[in-house]
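Visitor: Could you take one part of this model and walk me through it closely? I'd like to see how its pieces pair up and what lies around them.

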Amino acid sequence: MMNRWHVMKRLLPLTAIFMLILSACGREDLSTLNPQGPVAETQYDLMKLSIGIMTLVVVVVFAICIYVLIKFRRRKGDKTIPKQVEGNHTLEIIWTVIPLVLLLILGVPTIQHVFGLAKDYSDDKSAVHVKVTAHQYWWEFEYTDYGITTAQELIVPTDKKIQFDLTAADVKHSFWIPAIGGKMDTNPGMTNNMYLEFPNEGVFRGKCAELCGPSHALMDFKAKAVSSDSFDRWVSAMKAPAVMPADPEIAETFNAQCLSCHAVGEKGGNSAPNLTGIGGRQTVAGILFNSDVVADPEKEDKTTAENLHDWIADPQKVKPGNTMPQVDLTPEQIDGIAKYLAGYKLDY
Ligand code: CUA
């Protein structure tokens with residue numbers, strides 16, 4: 001008995017550490033336990049229901065078990081053999097019916113919600129349709145209703161359902177915005193569907209939830225929910241002609257070195273993240289927070305220009321295994337491009 005207590009005492013600090021890790025003591029909103037939309041709320045309700053039922057079972061079973069252990073323990077000097085019981089119809093019926101009832105209570109709403117959340121708004125004209133393509137290690141968002149494409153920051157209106165067509169360009173990834181709902185795998189060569197709703201304005205963090213390579217854990221994105229007016233302004237701003245660097249030399253370098261893969265406005269390629277309005281995004285590469293966009297005094301974040309500089313200078317250092325090539329640029333050119341991109345903000 002003494003020994004066991006010692007083991008328990010040693011395990012306590014370890015348990016505390018694990019609890020801290022599991023509670024994800026990181027930056028805001030990466031929790032399914034703080035739902036910010038009806039989809040996440042439904043999923044949270046199901047979690048509470050199943051945990052509630054399981055807790056009830058554990059408490060009742062343990063209570064009966066402890067009661068029996070104490071009440072029917074062998075007392076000192078007692079040498080008799082207890083009454084041998086073989087089968088009891090009443091008991092057997094009780095312990096078959098109770099789990100059946102519990103499973104029904106759990107199963108009926110679960111099946112109801114699973115089908116409810118699988119509803120497809122692909123043909124619904126009032127929904128916003130976004131084709132999500134996961135890449136190692138970034139997210140592409142194509143708004144098929146509007147003919148615009150962005151990356152890393154998904155902009156959505158608060159008053160509409162968002163229907164996602166999910167696919168991947170290379171390996172299997174998984175699209176997940178914990179506070180809003182999910183998750184759903186993105187597979188190369190096929191399309192999965194899911195809808196979400198974002199009734200509250202704000203920025204919600206998204207994650208890749210399927211091991212996809214060395215930078216899987218760094219494959220973050222943001223979902224920014226804005227009013228419908230703001231969303232319309234964003235769509236127009238995305239469609240506006242590209243803003244190129246003011247300095248003709250930087251503009252030429254940017255055009256030659258970056259726009260073969262990246263795009264700004266109507267210019268450039270589409271094999272790398274679209275950079276239109278990148279200066280207004282919360283992060284560079286999804287993970288480097290920009291202090292001039294979201295000020296967080298507790299974190300020593302760099303400014304957008306500094307983060308962009310770090311990224312362009314050595315992308316492999318920030319996200320190992322990503323497909324951005326090491327570009328041959330002088331420090332002045334990197335500086336010029338970083339400053340230009342940091343200043344490229346959309347008004348919406
Ligand atoms: Cu993409 Cu993990």
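Guide: Two strands pair if DSSP finds at least two bridges between them. Strands (E, at least two residues) and helices (H or I, at least four) are themselves DSSP runs, numbered from the N terminus. Please keep in mind that this is a predicted model, in which local features need pLDDT of at least 70 and side-chain atom pairs count only at pLDDT 80 or more, while totals for chains, interfaces and linings use all residues. Residues are numbered from 1 along each chain as its sequence is written, and side-chain values use heavy atoms, with hydrogens and water left out.

Let's settle on strand 9, residues 202-208. Strand 9 is joined to strand 10 (residues 221-226) by 5 bridges, and the two run antiparallel. Within that pairing, Val203 has Lys224 of strand 10 as its bridge partner. Strand 9 also pairs with strand 6 (residues 173-177), again in the antiparallel sense, over 2 bridges. There you will find Phe175 opposite Cys208 of strand 9. Strand 9 is mostly covered, with 5 of its 7 residues buried; buried means under 20% relative accessible area, exposed over 50%, and partly exposed in between, using a 1.4 Å probe and protein chains only.

Now for the open sheet of 5 strands, whose order is 3-2-1-5-8 with mixed pairing. Strand 3 (148-151) and strand 8 are at its edges with a single partner strand each, so one side of each has no neighbour in the sheet. From one strand to the next, the twist averages 25°. Strand 3 pairs with strand 2 (residues 138-143) in the antiparallel sense over 4 bridges, and Tyr143 stands opposite Ile148 in strand 3. Helix 4 (residues 228-239) packs on this sheet, touching strand 1 (128-135), strand 2 and strand 3. Contact here means heavy atoms within 4.5 Å. The direction of helix 4 makes about 100° with that of strand 3; such axes are lines fitted to C-alpha atoms, for helices over the stretch in contact, and angles run from 0 to 180 degrees between N-to-C directions.

Strand 8 (192-197) leads us on to helix 2 (38-71). The buried residues of helix 2 pack against helix 3 (89-117), strand 7 (181-186) and strand 8. Among those buried residues are Val39, Leu46 and Ile53. Helix 2 has 34 residues and reaches 49 Å from its first C-alpha to its last, close to the 50 Å expected at 1.5 Å a residue; the expected span is 1.5 Å times one less than the number of residues.

At 30% relative accessibility, Ser122 counts as partly exposed. Leaving out residues up to four places away in sequence, Ser122 touches His129, Gln163, Asp165 and Asn193. The Ser122 side chain also makes a polar contact with the side chain of Asp120, at 2.5 Å. A polar contact is a pair of N or O atoms within 3.5 Å; within protein, one must be able to donate a hydrogen and the other to accept it, and residues adjacent in sequence count only if both atoms are side-chain atoms. To end with a distance, the C-alpha atoms of Ser122 and Phe254 are separated by 38 Å and lie 132 residues apart along the chain.
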